[in-house]
Amino acid sequence: PDGITSIDLSLKNVEITGNNSNYSVSYHFTQLDADMNSNPLTIPYTNTVNGQIVFVRVQDINTGCYDTTTLELIVEQAPIANTPTPLEYCDPDSDGFGVFDLTSKDIEITGGDPSLSVSYHETMADADNNVNALTSPYNNIVEDMQTVYVRVESSTISTDCATLVELVLIVNPTPQLGAAPTALEICDDLSADGFGQFDLTSKNAEILQNLADPTQYTVTYYENEANADTPVNAIANPANYTNTTAFNQILWVRVEDNITGCYKLTTLELIVNALPVLIQPSPLELCDDNNPGDEMESFMLEDASDEILNGQTGISLTYYETQADADNGTN
């Protein structure tokens with residue numbers, strides 16, 4: 001700052017004339033110019049040095065009588081203020097309106113200078129006139145994006161010097177997910193302990209199905225809500241996850257917008273279904289009546305079903321000639 005600036009000298013007219021409408025005021029570079037009423041300064045006037053003295057001629061427009069006085073032009077350094085980065089809000093219902101903590105930008109704007117005071121205004125005129133300061137938290141009144149105006153003043157400067165900067169408020173939508181995904185189910189293994197391996201990523205498509213561009217989002221899985229909200233301690237290998245609670249467990253899913261960082265949480269239920277409890281049946285026996293000696297008879301395999309199930313219901317039985325066919329459910 002060099003102390004040189006454009007100044008509206010006419011702002012002093014009322015003070016100089018006492019608001020007398022019969023007086024005209026002109027400003028001059030020298031006393032001689034003021035006395036001769038020549039070479040009046042153009043307004044706005046750019047001073048030549050800080051602390052410059054200009055000469056004022058006040059003349060009665062009715063009589064032509066005049067008097068002169070002087071006016072010192074002092075250029076004070078306005079506070080140095082930084083234009084802040086946009087203040088962003090993740091909108092839970094994605095309606096374009098949210099709540100902003102304006103004061104969270106104070107330090108960024110002032111650079112941490114404790115001698116500076118900050119106020120926020122909806123219009124440039126309000127900020128310029130230091131009226132209608134906004135309270136924080138503030139609800140935006142323009143959908144999705146709004147500019148508010150920041151007035152920065154210094155307690156060490158006795159004049160009305162202030163610096164004005166703009167602060168952009170941005171409302172970002174959050175991922176609007178549908179209902180929680182259906183449970184992810186597996187069958188228990190032969191250990192029957194209620195634990196197994198889950199491919200959590202097989203649920204990604206279902207979780208993202210309501211979103212127009214699923215590639216814009218990242219899905220991560222967590223063992224509790226606090227971790228998902230932070231986020232910390234995401235499940236490291238979601239394609240091969242072993243549940244930590246036997247038979248039934250709830251995981252938390254975080255869906256985050258890759259552009260804005262806004263996110264939503266949902267849950268995923270893991271179910272380990274127990275294997276049917278089967279009884280080893282006693283052999284089915286028939287007498288070799290049909291073509292005796294060939295040891296070939298027609299067996300009704302279902303005759304063993306009741307013994308195998310031992311009263312259990314809701315289980316279907318099928319029979320196979322080999323273990324491989326049984327495991328694969330073929331033939």
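Me: Which residue takes a positive phi in the hairpin of strand 16 and strand 17?

Reply: In this predicted model, Gly261 has a positive phi near 80°. The hairpin of strand 16 and strand 17 has five residues between the strands.

Me: How many bridges pair strand 16 with strand 17, and is the pairing parallel or antiparallel?

Reply: Nine bridges pair strand 16 with strand 17, and the sense is antiparallel.

Me: What is Leu270 in contact with, leaving aside its neighbours within four places in sequence?

Reply: With those neighbours left aside, Leu270 is in contact with Leu184, Phe198, Leu200, Tyr241, Asn243, Phe247, Asn248, Gln249 and Leu251.

Me: Now the aromatics. How many aromatic pairs does a search of the whole structure find?

Reply: The search of the whole structure finds one aromatic pair. The partners are Tyr89 and Phe100, with ring centres 5.7 Å apart and 50° between the planes, and the pair is tilted.

Me: Where do Tyr89 and Phe100 lie?

Reply: Tyr89 belongs to strand 6 (residues 87-91) and Phe100 to strand 7 (residues 99-100), so the pair ties together parts that are eleven residues apart in sequence.

Me: Is Phe100 buried or exposed?

Reply: Phe100 is buried, with a relative accessible area of 1%. Tyr89 is partly exposed, at 22% relative accessible area.

Me: Which charged end sits over the ring of Tyr263?

Reply: That is the charged end of Arg254, 3.6 Å from the centre of the Tyr263 ring. Elsewhere, Arg57 lies over the face of Tyr66, at 3.7 Å from the ring centre.

Me: With which side chain does Arg254 meet in a salt bridge?

Reply: Arg254 meets the side chain of Glu256 in a salt bridge of 2.8 Å, N to O. Arg254 is buried, with a relative accessible area of 5%, whereas Glu256 is partly exposed at 27% relative accessibility.

Me: How many salt bridges does the search of the whole structure find?

Reply: The search finds five salt bridges. Among them, the side chains of Lys105 and Glu108 meet at 2.8 Å, N to O. Another joins Glu153 to Arg151, with the closest N and O atoms 3.3 Å apart.

Me: Is Lys105 buried or exposed?

Reply: Lys105 is buried, with a relative accessible area of 8%, and its partner Glu108 is partly exposed at 30%.

Me: What about Arg151, buried or exposed?

Reply: Arg151 counts as buried at 7% relative accessibility, because that value is under 20%. Glu153 counts as partly exposed at 22% relative accessibility.

Methods: Residues numbered from 1 in each chain as written. Predicted model: local features only at pLDDT ≥ 70, side-chain atom pairs only at ≥ 80, totals over all residues. Heavy atoms only, no water. Contact = heavy atoms within 4.5 Å. Phe/Tyr/Trp six-rings, centres within 6.5 Å; stacked < 30°, edge-to-face > 60°. Helix = DSSP H or I, 4+ residues; strand = E, 2+ residues; numbered from the N terminus. Buried < 20%, exposed > 50% of the residue type's maximum accessible area, 1.4 Å probe, protein only. Lys NZ or Arg CZ within 6 Å of the ring centre and 35° of its normal. Salt bridge = Lys/Arg side-chain N within 4 Å of Asp/Glu carboxyl O. Pairing = 2+ DSSP bridges.
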